Amino acid sequence: MWPDERVARFVNEHFVAARAHVKQNPTDFQQFGERYQAQWTPTILELDAEGVEHHRIEGFLPPDDFLAQLMLGWARIAFHQQQFAEAEQRYRAIVEQLPESEAAAEALYWAGAAKYKATGDPTALKQTGEKFKQRYRDTAWAKKASVWS
Amino acid sequence: MKIDFRYDVAQAFKDAKQQRKPLLLDFSAAPM
């Protein structure tokens, strides 16, 4: 996961990165593990600047899926901070750049939701529902979007 | 390219707050 060049570039560009390692800094591993209830490794948390958790990745993923999950968390931070236009761009980047990743269907769903929240235009949801009739039809996200079209 | 992981986690929290950047926190047991 971590050695992937795209992952490293993405993390260094958008995050302050910290590692709590069970052997290298065991006190931090225990202290922050308890604070965030991290019971397994690897667990990767994406927190905002105030330390509020927005996304959690547990277990190994191959590079494309891992990068997509990191991008998903970064988009969720913008969405939760009500930066909806920015969130939409971040979600759409996942669908465009990593369309075969596990996170892509979720990203498509939330891109539509973010556009609706940014504009108030319900056609954003309808269009997203229509897209799910073409792509990712066998996912839970397609079911969730089915009421939009 | 390597990720610039910090191992002083409390200091990383302070830096993230000061820089207003999100924080990625990796709980790891991988061989170093």
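**Helix packing and chain contact in a predicted model**

Guide: In this predicted model, the axes of helix α3 (residues 63-80) of chain A and helix α4 (residues 84-97) of chain A come within 8 Å and cross at roughly 170°. Residues are numbered from 1 along each chain as written, and chains are lettered from A in the order written. Local features need pLDDT of at least 70, side-chain atom pairs count only at pLDDT 80 or more, and totals for chains, interfaces and linings use all residues.

Visitor: How are α3(A) and α4(A) oriented to each other?

Guide: Axes are lines fitted to C-alpha atoms, for helices over the stretch in contact, with angles from 0 to 180 degrees between N-to-C directions. Angles over 145 degrees count as roughly antiparallel, so α3(A) is roughly antiparallel to α4(A).

Visitor: Which residues make the contact?

Guide: Two residues are in contact if their C-beta atoms, placed from the backbone, lie within 7 Å. Among them are A68(A), W74(A) and A75(A) of α3(A), and Y91(A) and I94(A) of α4(A).

Visitor: Which residues touch the most other members of the largest nonpolar core?

Guide: A nonpolar core is a set of buried Ala, Val, Leu, Ile, Met, Phe, Trp, Tyr and Cys residues joined through C-beta atoms within 7 Å; buried means 20 or more other C-beta atoms within 10 Å of a residue's own. Here the core has 54 residues, and A75(A), I94(A), A104(A), A107(A) and L23(B) touch the most other members. Helix α3(A) gives the most to this core, with 11 residues.

Visitor: How many residues of chain A are in contact with chain B?

Guide: 35 residues of chain A contact 25 residues of chain B.

Conventions. Helix = DSSP H or I, 4+ residues; strand = E, 2+ residues; numbered from the N terminus. Parallel < 35°, antiparallel > 145°, perpendicular 65-115°, else oblique. Buried ≥ 20, exposed ≤ 12 C-beta atoms within 10 Å, placed from the backbone.
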